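Hi,

Here is the structure I promised to pass on to you. Have a look at it first, and then read on for what turned up.

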Amino acid sequence: MQHDVELLILGGGCAGLSLAMRLAQLGHRAPATLILEQRPRYQNDRTWCFWGGEATPFAQTAQHQWPAVKVRNARQTLCIDCARTPYRMLAAERFYAVAQTALRDVPQLRLLMDTPVLSEPQFHGGRWHLQTLAGQVTAAMVVDTRPVRMPAPGGALLWQSFYGYEIDCSQAVFDPECADLMDFLPANPERVAFIYVLPISKTRALVEFTVFGVAPLAADDLAAELNAAIAQRVNGADFTVLRTESGMLPMGLDHQNSGLAGLELAYVQVGVSAGAARPATGYAFQRIQRWAAHCAQAIAGGRLPIGHTPDPALLRQMDRIFLNLIRRQPELAPQLFMTLFARADSQKVIRFLSDCGSLVDYASIVLALPAKPFLQQLFSAASSGQGMPAGS
Ligand SMILES: Cc1cc2nc3c(=O)[nH]c(=O)nc-3n(C[C@H](O)[C@H](O)[C@H](O)COP(=O)(O)OP(=O)(O)OC[C@H]3O[C@@H](n4cnc5c(N)ncnc54)[C@H](O)[C@@H]3O)c2cc1C
């Protein structure tokens with residue numbers, strides 16, 4: 001079967017569906033769009049967490065929200081009030097369901113499941129051509145959200161690897177009013193490791209073990225420490241594992257997104273392996289929502305689809321300096337995070353982490369952190385002639 005459309009979206013995950021939902025809001029003005037997704041069906045394969053007030057997209061759809069989060073290590077626990085911008089959790093199954101419902105009402109937008117892309121797109125005759133399991137497709141514009149490359153050492157300054165179980169426990173062991181954002185394991189010269197706990201009720205929580213390190217780690221590499229963390233949390237009570245989730249997210253991509261073609265050929269690569277994730281945190285969900293709104297606006301205005309907007313230079317530099325420091329001296333990271341949350345105003349830290357910071361917020365972050373390790377890091381980078389990596 002042959003499909004000829006104006007816009008082709010490769011991959012119906014977070015970025016692909018977020019753009020499609022924005023286009024659906026255009027109603028009959030939406031361009032003829034095909035979204036190709038290789039999965040036969042959606043599953044509850046992840047949870048997206050983000051900070052945000054009521055104006056945040058998906059605020060109403062969130063499964064749970066926390067007015068406070070904790071950051072802790074063996075010696076100290078900091079409780080951070082975030083009631084003004086609660087930490088929200090959106091189950092992927094809800095997101096996929098909302099997206100599918102939105103697309104159903106707009107005949108110009110078609111989502112084809114179980115339809116992997118079989119050949120790389122070729123540009124000739126003024127259009128893109130590619131082969132899929134559902135036949136030949138041609139399109140004027142392509143937004144490609146497929147992962148550009150597999151996670152591998154060297155692809156990013158650091159990798160954030162995590163593995164988690166959503167568990168249902170036979171006893172009330174969790175506090176659904178407060179999430180554990182980072183519960184650090186003891187400082188380690190090889191990696192930064194912490195437990196992340198998202199309690200949905202007194203008996204149910206998603207518990208994840210997370211590592212920041214130079215190489216990505218598979219779920220199997222993290223399983224033993226995840227099991228140990230859960231055993232400690234449930235304090236001997238029985239529990240059932242309802243589902244699992246895992247990921248390997250780049251923190252500071254070390255390649256420029258060359259792209260198959262260029263904007264002049266109406267082809268953009270987006271998504272987590274093409275710059276969607278915030279380098280210092282790996283958070284991508286809200287950034288993808290902002291990109292989707294801008295990209296849909298461009299398309300609605302008769303312009304070409306756009307990729308992710310680079311972060312402001314100052315933010316990029318701050319993230320690079322921070323990532324380079326914890327890449328070289330991961331043992332410093334737990335105390336750096338503790339110090340940041342202890343000294344800086346929590347609203348400023350949250351705005352900084354969610355890309356909504358002002359210059360004043362950036363200044364507060366810098367002033368809250370101990371200067372010495374950062375100066376040493378800058379000095380050693382300068383004296384080894386490294387400077388900042390390309391793209392910083
Ligand atoms: C388990 C997990 C939890 C996360 N939690 C958070 C969080 O709490 N907060 C946050 O901000 N970020 C989070 N992230 C990071 C980020 O938000 C997600 O990775 C997000 O899904 C990235 O969106 P994407 O569109 O780039 O990739 P995906 O959502 O993975 O979408 C890519 C899509 O392309 C499809 N595809 C791939 N190859 C082909 C092909 N050849 N043909 C057709 N389709 C193809 C895939 O099946 C997939 O559906 C998390 C990531 C993971 C993995």
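Let's start with the ligand. The shell around it takes at least three residues from each of domain 1 (2-71 + 87-148 + 257-300) and domain 2 (156-252); the domain bounds come from an automatic or database domain assignment. Before going further, a word on what you are looking at: this is a predicted model, in which local features need pLDDT of at least 70 and side-chain atom pairs count only at pLDDT 80 or more, while totals for chains, interfaces and linings use all residues. Residues are numbered from 1 along each chain as its sequence is written.

Back to the shell. Of the 31 residues around the ligand, Gly11, Gly13, Ala15, Gly247 and Gly271 come nearest (a residue is near a molecule if its C-beta atom, placed from the backbone, lies within 6 Å of it). Sorted by class, there are 16 nonpolar, 10 polar and five charged residues in this shell. For those classes, Ala, Val, Leu, Ile, Met, Phe, Trp, Tyr, Cys and Pro count as nonpolar, Asp, Glu, Lys and Arg as charged, and the others, Gly among them, as polar. Helix H1 (14-24), strand S3, strand S16 (239-253) and helix H4 each supply at least two of the shell's residues. Helices (H or I, at least four residues) and strands (E, at least two) are DSSP runs, numbered from the N terminus.

What covers the buried residues of H1 includes strand S1 (2-10), strand S2 (33-36), helix H2 (92-104), strand S8 (109-112), strand S11 (135-144) and H4.

Leu19 is one of the buried residues in H1. Leaving aside neighbours within four places in sequence, Leu19 is in contact with Ile9, Val143, Ala292, Cys295 and Ala296; contact means that the C-beta atoms, placed from the backbone, lie within 7 Å. Leu19 also belongs to the largest nonpolar core, which has 108 residues, and is among those with the most contacts inside it, along with Leu8, Ala20, Val142, Val207, Met251 and Ala276. Strand S12 (residues 156-169) gives the most to this core, with nine residues. A nonpolar core here is a set of buried Ala, Val, Leu, Ile, Met, Phe, Trp, Tyr and Cys residues joined through C-beta atoms within 7 Å.

Isoleucine 35 lies in S2. This residue is buried, with 27 other C-beta atoms within 10 Å. With neighbours up to four places away set aside, the contacts of isoleucine 35 are Ile9, Gly12, Gly16, Ala20, Arg110, Leu111 and Leu112.

Nine residues from domain 1 and 10 residues from domain 3 make up the contact. On the domain 1 side, S3 (47-51) and H4 (285-300) are the elements that give two or more residues. That side has five nonpolar, two polar and two charged residues.

There is some strand pairing to look at too. Strand S5 (residues 68-72) pairs with strand S6 (residues 77-81) in the antiparallel sense over five bridges, and a hairpin of four residues joins them. Valine 71 has leucine 78 as its bridge partner in S6. S5 also runs parallel to strand S13 (residues 178-184), joined by five bridges, with arginine 72 partnered by aspartate 183. Strands count as paired if DSSP finds at least two bridges between them.

Last, two loop residues. Aspartate 114 has a positive phi of about 55° although it is not a glycine. With 12 C-beta neighbours inside 10 Å, aspartate 114 counts as exposed. Aspartate 355, in the loop between helix H7 and helix H8 (359-368), likewise is not a glycine but has a positive phi, of about 65°. Aspartate 355 is partly exposed, with 15 other C-beta atoms within 10 Å.

Cheers

Definitions and conventions:
Contact = placed C-beta atoms within 7 Å. Buried ≥ 20, exposed ≤ 12 C-beta atoms within 10 Å, placed from the backbone.
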